[in-house]
Amino acid sequence: MGEVVNTAEQTARLEQVVLYMPEARFYFGGEREAKAEELRAFIGDEELSFVSLERFSRTDGGICYYVLLDVSASITKEEFDGIKEALAGFAEGLSERDRMVLITFGEQVQTIFTEDGAALKNGSAREKILALENTDQKTLLFEAIDRMAELSDGGTARSGMRRAAFVITDGEDIARGKATRQEAERTLKESGVPVYGFTVSGAGKEAEDAFGEFSRESGGTLTILEPGQAAEGLAAVKERLMNSWEAVFEADSNRVANGMVNVSLEFTDTGEKKQTQAMQNRWQADEEAPVVLEAVMEGEKQLRVTFSEAVTGADAAEHYELSAADGQILVPVYASAQEGGTEAVLTFDALPAGAYELHCTG
């Protein structure tokens with residue numbers, strides 16, 4: 001996901017797309033007031049149906065924050081202590097709907113804790129954060145991001161919960177035989193988690209520029225943490241997430257491609273079109289049974305059946321039977337499903353004149 005900004009700040013930034021079929025959620029920033037009638041969304045060539053549009057802070061959704069903290073000695077102790085205190089306050093300030101996963105990276109990558117918002121307020125998270133030390137001589141930055149992206153494909157992803165990664169580092173990656181930037185980018189893109197990078201004041205311009213580009217490519221941003229300003233930096237990005245727009249759309253079915261698909265969001269009033277790719281491998285159970293909308297004769301031996309939604313098994317003749325008023329049961333000798341799965345044509349040996357009831361199973 002790239003970033004496009006104009007001087008009037010009217011251009012929207014598409015930060016994240018979550019596909020939990022048939023639902024598709026688009027998260028975008030920008031100061032402009034979005035309007036439902038000005039939005040169109042697509043998965044490939046399929047236009048989605050609009051469901052809702054709201055600032056995220058006004059929804060009942062939570063965010064799972066994956067916080068990755070650099071524990072290498074290249075960050076000064078004074079600055080590291082300030083970051084720890086800021087993180088402890090950040091954790092305690094999350095809502096009960098939120099979750100936080102704290103991961104440290106230096107010479108190795110470690111998950112320190114995974115807690116929901118309610119548990120973060122009891123003091124145990126603060127104790128674990130303040131006990132951390134930054135004495136390592138290596139920085140497995142992209143290895144940590146790669147592992148986080150894999151970890152994020154767990155329960156929170158399957159639930160459709162919004163996810164975001166906060167990565168606090170000096171921007172350097174000192175590793176051999178571990179995940180490279182390119183590997184981390186690929187895993188991150190498949191996970192759909194945007195990275196909001198935070199570099200410490202001692203990071204060089206080259207490291208800042210490189211990690212800033214990496215963060216923006218994922219849909220996130222880069223913040224340079226000035227000494228003593230870590231809490232303000234974390235709070236500003238959290239506010240950005242809460243103030244973003246959540247546009248919810250729905251596809252015709254919960255079918256998935258089990259791979260990356262092209263998605264796009266259009267703003268018809270300005271002609272903007274934001275495009276990216278998203279992983280489509282999660283779906284919600286379809287609890288509403290399809291119904292037959294109509295059954296129309298085609299010729300003397302065929303019946304065209306139209307369903308309320310796409311169905312599977314529409315091309316199996318044994319799934320249908322016609323019941324006549326005199327008790328006679330007619331079963332088609334052949335059935336063919338039409339493209340899209342919402343129609344089927346049934347062929348019978350004969351269809352004597354009369355009234356019938358159509359029964360569909362399977």
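These notes describe selected helices and strands of a predicted model.

1. Helix α6, extent. Helix α6 covers residues 205-217, 13 residues in all. From its first C-alpha to its last it reaches 18 Å, close to the 18 Å expected at 1.5 Å a residue. Just after α6, Gly219 takes a positive phi of about 110°.

2. The buried residues in α6 are Ala207, Glu208, Phe211, Gly212, Phe214 and Ser215. Seen down the axis of α6, these buried residues fall within an arc of 160°, so they line one face of the helix. An α-helix has 3.6 residues a turn, so residues three or four places apart point the same way. The face of α6 turned away from the buried side carries Lys205 and Glu206, which are exposed.

3. Helix α6, its cover. Several elements cover the buried residues of α6. Among them are two helices, α3 (141-151) and α5 (181-191). The cover also includes the strands β9 (162-169), β10 (195-200) and β11 (222-225).

4. Strand β12. Strand β2 (residues 23-29) pairs with β12 in the antiparallel sense over 6 bridges, and here Glu23 stands opposite Glu250 of β12. Strand β5 (residues 49-55) also pairs with β12 in the antiparallel sense, over 6 bridges. In that pairing Phe50 stands opposite Phe249 of β12.

5. The sheet of 4 strands. An open sheet with antiparallel pairing has its 4 strands in the order β4-β3-β13-β14. Its edge strands, β4 (46-47) and β14 (272-280), each pair on one side only. Within the sheet, β3 (residues 39-43) and β13 (residues 259-267) are joined in the antiparallel sense over 5 bridges. Arg40 has Glu266 in β13 as its bridge partner.

6. The sheet of 3 strands. A further open sheet has 3 strands in the order β18-β17-β21, again with antiparallel pairing. The edge strands here are β18 (329-330) and β21 (356-360), each of which pairs on one side only. Strand β17 (residues 320-324) and β21 pair in the antiparallel sense over 5 bridges. The bridge partner of Glu321 is His359 in β21.

7. A point on reading the sheets. Strands of a sheet pair through backbone hydrogen bonds, either parallel or antiparallel. For the sheet β4-β3-β13-β14 the pairing is antiparallel, and for β18-β17-β21 the pairing is antiparallel as well.

Methods. Residues numbered from 1 in each chain as written. Predicted model: local features only at pLDDT ≥ 70, side-chain atom pairs only at ≥ 80, totals over all residues. Heavy atoms only, no water. Pairing = 2+ DSSP bridges. Expected span 1.5 Å × (residues − 1). Buried < 20%, exposed > 50% of the residue type's maximum accessible area, 1.4 Å probe, protein only. Arc of directions from axis to C-beta. Contact = heavy atoms within 4.5 Å.
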